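This report describes a protein assembly through its contacts, cores and charged pairs. The sequence and the structure are shown first.

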Amino acid sequence: MLRTTLAGLVAHRLRLLLTSLAITLGVGFIAGTFVLTDTIEQGFRQLFTADAAKVAVAVTPKDELIPAKVLDELTALPGVSGAQGLVRGTAPLLDKSGRAAGSTATSGISVAAGPLDRTSYVAGTAPGGPGEAVLDENTARTRQFAVGDTITVLDLAEKRRQFTLVGLIDVGVDQNLAYTGAVGFDTATALEMTGAKGYREIDLAASAGVSPETLKKTVSEALGQTYTIKTGEELARKLALDSNVELDYLVLVLLLFGCVAMFVAALVIYNTFNILVAQRTREMALLRCIGATRGQVFRSILLESAVVGLVSSVLGLLVGLGLGALGLAALGRFDAPVPTGASVALTPRTIVLGLVVGLLVTVVAAVLPARGATRVAPIAALRSQVEEQTFRAGLARSIGAGLLLAGGLALTAVAIWVLDGNTGLLVAMGGGAVFFLGVIVIGPVLMSPLGAFAGWVPRKVFGVPGRLAVDNSRRNPKRAATTTVALTIGVTLMTLISVITASTRETVVSSLDEQFPVDFMITAQYGREDGMPLVPAEVPATLRALPEVGLVAEMRQDDTGEIASLPDRAVFRPEVVSGSLAALTTGTVALSETQAKNLGAKVGDDVPLTTTKAGKVEVKVAALLGQDSLNGTMPYTVPAADFDKYFGAIGPVRVYVKVKDGTAADVSRRAVEAALTAYPTAQLVSAADVRGEFDDAFDMMFTIFAALLGLAILISLLGIANTLSLSVHERTRESALLRALGLTRPQLRGMLSIEALVLGLVGALVGVVIGVAFGWAALQTIPNDTVFVVPVGQVLLYLVLSALAGVLAAVLPARRAANASIVGSLAAS
Amino acid sequence: MTMTTDVRAAVVARGLSKTYGQGDAAVHALRGIDVSFATGAFTAIMGPSGSGKSTLMHCLAGLDTVSSGHVHIGDADITTLSDKQLTLLRRERIGFVFQAFNLLPTLTAEQNIRLPLEIAGRQADQVLMDRVVETVGLRDRLSHKPSQLSGGQQQRVAVARALISKPQVIFADEPTGNLDSRSGAEVLAFLRRSVRELGQTIVMVTHDPVAASYADRVVFLRDGLLVSEVTQPTPQSVHDMLLKLEA
Ligand SMILES: Nc1ncnc2c1ncn2[C@@H]1O[C@H](COP(=O)(O)OP(=O)(O)OP(=O)(O)O)[C@@H](O)[C@H]1O
Ligand SMILES: [Mg+2]
């Protein structure tokens, strides 16, 4: 029996190739995930170990920074040959136009040459004195600075200080520095520029003959329990561990997509084995006639699937290596703060996991077809023609599908109307998954009407080949359903993501339009101090003086972010739920609806306020503001004059500017920029900038998801190609007959393309409908009012692309069918 | 060799050879055959198994390429045509009835009958359609799928399909090979009627002397050569000739 199976495998190797490709890609994705993350992990380990080799003992603070006197103390300890304190704070770099670079202040760090220096230099050297500085290479590139240039950095008092750029450094995997950019000084200058009150780490080098452990003991005895003391090796291990936690999220997200790809691959396998079994009915029956038991037939098919699974998993591991390297290259291209230098690693865990998953999925997917094969009666060997498969929806199928569909809808309904927040979203998605299973079960029933629907136009347009193609697509509903559902999964997820992205984008834009009916916004640079950074208090007045500016409104709030001053009402039109803003005079307050509910207060009541300048005060509620208005999220809003009284004349967190009507955008921008020259850290953004940033972020997210889903879609297309080529094989004589009757080769090819087109379209149609519906459901679970938008263009594009992809999948099978000799095919059994 | 095309001949083959394979493995299925088939006649091709009957028919019908020689259908030398031209020629001028698997399982009997016309984008001649359906005797079966028809009925549908496009010639390869003698007789009678009443030209390959006796003329093949022929055949005369050939 084993010999027969293997002979069969060899005979059908071409047919099995496409099948194995599905598994190969699925396993490749999963293996690739691990290859990528293992490589990064290894890179981290190498990096930290290399760094740690330079440091014997590292002292880090538990909460506060380490004061300077500790450094002196440590330097004096026996066994210490060198000590260096690391400084980190903010030191806003000014770009060439004289404005602070970036929305977050550049980090200022200490860079000291010597044996303890862990910096890696891309060009130049370490700063040799107070007049010199280094810059990270990314910032240098984006802000166009080169070694030898003079750079300007703001010191603690916002005074401009000039440095000669002597080197470019690589910040490596430091996420924080990679985000903010870094300018490095010698230790003393770094302390001065950042105003840091101590060190965030002190590194010690040991004298000859002193082991790190011994030194650690000495240091512990000297410092006691106040600080964390680690040897260089321990430090490396901890750093590597921290970075792995972040990697775990990456693994999780990637594996999620890997599972989708694997599920699609399983469907393809299931379908292929079903078809193979159907086509080999006679072979199987013959085996039974000559005495093979049901068990033997069953095992022979499982064995076949196991061989396919094993071979494709091995190939999948190789693909995984490639994908991992590709992913690494992509991360490298986008300057992600991960080590990309390590050579790709295929760990034993990856190998075992890839093989097990590939093998298991293939064999499990083949179990049902194998069981079908055992039902073949020996008498079938004697029948001359393979019976046309007729499909009737059995009672069990109807009930099962009904339960799943209803269950899925019920879960989703509960998620929308009972639950909310993250649980709601998760339950809604779970409901979607259950509903989808229902669709898979009921698929064969839907296939015929949907095929007729999707085939309506091709039938009309493409004449006889079109009609025959549409009939063929509906001929074996079970097979067609399984084939298309694989594509449906991909299209559903793509549509879902499109709907959610488009809706969120629209929500953000419309709330921007509503809350930001202005041309410019000015904020302070982040990172300079804890809490909300403030724009200098005199900025609003400076701007009001400009002839180009129409309205200026300042948003001020207290440190807790609870109490705000009422901005200029010419710019803002908050939604007043009760009371009136006109009544918001001295000694009153407007509450957000939520806060009023929390306090149980209504208009006319007195509520207490805690202030910094006036202590506790009682104020009367003058109005309640709706959730949607700009200040709706601020619990308390008081008149501007009162705010000064309560908190002093502090600067605003944001200043909004509306230009005078008729002023050109670039003219007003230049005017505002000029007015802000004296305040280099104030960040000027236009409404268009903000929208552009959101758009970029959304596009980026969408592209990543689309790329990750691409593999699942590719696998489903392989499935279509596979089904078609098997069908073509089955219909060899039919094709020959048609050719004999005068169907030209192009017409025959066209016929198969149209069949694939219809299959693709049906799969996409179902996917689009489910995707839109569950996209809506997902949005309903988000508590804030989210606009529901269907990106019609994008969705139509999916339909068109799916249809085209179907046609593409049909190219090879169609060629084979069209090029077959008529006489030879007629003789085929 | 000069070519004089017999105006009354629907199909003419001259020096037709067909060799499968090469070198030692070469099989000379046809070794230079000269034959012509008169318009409006019903001709049977007979011969022992492996004598080249199917091969001859495939070459005559343009389903297979020839190794050398020429085949004329009407005024067209089909051995010089491209695949596309051949396909169009088959569509317009040739009808087929095969031994088995003649019908598309997805189409009804009527759709199967109309199929060649639709492929050619031609309108069915309704009078002819009625007449053909009447002759075939399948009026109440037209909406059935092939799987719902008996073998004999399926073959009759196939013959009706071959007739409907009024081809210059119909080639039939053992059209009754899979049928019992009664169904076979029905189909053969029908073929002969279409020759008599519709003036159809038919070339039929068969093993069965009784089937051959329905024809106007029987030609005999042996080892890829045309060896003799019988006109106005009876089952007995055909049988005798076969015995002589096999001896
Ligand atoms: N594709 C092929 N390749 C090689 N040889 C072939 C091929 N087709 C037919 N032959 C050979 O050509 C010869 C003629 O075959 P053909 O099928 O024409 O015979 P036939 O007279 O139709 O026989 P039968 O009565 O059994 O149908 C045979 O020897 C056969 O083995
Ligand atoms: Mg034959």
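How many salt bridges are there between chain B and chain A? In this predicted model, the count between the two chains is 3 salt bridges. One of them joins the side chains of B:E118 and A:R467, with an N to O distance of 2.8 Å. Helices α2 (83-93) and α3 (109-120) of chain B are the elements that give two or more residues to the side of chain B that touches chain A. The largest share of that side, 5 residues, comes from α2(B). By residue class, the side of chain B that touches chain A divides into 11 nonpolar, 4 polar and 6 charged residues.

**The interface as a whole**

The size of an interface is often given as the accessible area lost when the parts come together. Between chain B and chain A the buried area is about 2300 Å², and carbon and sulfur atoms give 67% of this area. Three residues, B:F101, B:T106 and B:I119, supply 27% of the area that chain B buries against chain A, which is more than any other three residues. The contact takes 23 residues from chain A and 21 residues from chain B.

**Chain A: overall architecture**

Chain A has 829 residues, of which 49% count as buried. Its secondary structure comes to 25 helices and 21 strands. Taken along the principal axes, the C-alpha atoms of chain A fill a box of roughly 100 × 80 × 50 Å. Among the contacts in chain A between residues at least 6 apart in sequence, 83% join residues at least 24 apart.

Is A:D63 buried or exposed? A:D63 counts as exposed because its relative accessibility is 70%, and the cut-off for that class is over 50%. The C-alpha atoms of A:D63 and A:L717 are 56 Å apart in space, while the two residues are 654 residues apart in sequence.

**Nonpolar cores**

The largest nonpolar core holds 70 residues, and those that touch the most other members are A:I23, A:I40, A:M284, A:I301, A:I715 and A:I770. Helix α8 (residues 232-279) of chain A gives the most to this core, with 18 residues. Which residues does A:M284 contact, leaving aside its neighbours within four places in sequence? A:M284 is in contact with A:V277, A:V297, A:I301, A:A373 and A:V376. A second, separate core has 62 residues, and its members include A:A817 as well as B:L63, B:I73 and B:L221.

**Salt bridges**

Side chains of opposite charge can pair when their charged atoms come close. Over all chains, the count comes to 31 salt bridges. Four of the pairs are set out below.

| Pair | N to O distance |
|---|---|
| B:E118 and A:R467 | 2.8 Å |
| A:E233 and A:R237 | 3.8 Å |
| A:R459 and A:D471 | 3.4 Å |
| B:R156 and B:E186 | 2.3 Å |

The pair A:E233 and A:R237 lies within helix α8 of chain A; because the residues are 4 apart there, about one helical turn separates them. Both A:E233 and A:R237 are exposed.

The salt bridge of A:R459 with A:D471 has an N to O distance of 3.4 Å. This pair links distant parts of the chain, with A:R459 in helix α14 (residues 456-461) and A:D471 in helix α15 (residues 463-473) of chain A, 12 residues apart. A:R459 counts as partly exposed at 28% relative accessibility, whereas A:D471 counts as buried at 18%.

Within chain B, B:R156 forms a salt bridge with B:E186. B:R156 lies in helix α5 (residues 151-164) of chain B and B:E186 in helix α6 (residues 181-198), so the pair ties together parts that are 30 residues apart in sequence. B:R156 is buried, with a relative accessible area of 12%, and B:E186 is partly exposed, with a relative accessible area of 31%.

Charged residues also join in a network: A:R544, A:E554, A:R556 and A:D644 are linked by salt bridges.

Conventions. Residues are numbered from 1 along each chain as its sequence is written. Chains are lettered from A and ligands numbered from 1 in the order in which they are written. Side-chain values use heavy atoms; hydrogens and water are left out. Contact means heavy atoms within 4.5 Å. Buried area is the accessible area (1.4 Å probe) that two parts lose on being put together, summed over both. A salt bridge is a side-chain nitrogen of Lys or Arg within 4 Å of a carboxyl oxygen of Asp or Glu. Ala, Val, Leu, Ile, Met, Phe, Trp, Tyr, Cys and Pro count as nonpolar, Asp, Glu, Lys and Arg as charged, and the others, Gly among them, as polar. A nonpolar core is a set of buried Ala, Val, Leu, Ile, Met, Phe, Trp, Tyr and Cys residues joined through side-chain atoms within 4.5 Å. Buried means under 20% relative accessible area, exposed over 50%, partly exposed in between (1.4 Å probe, protein chains only).
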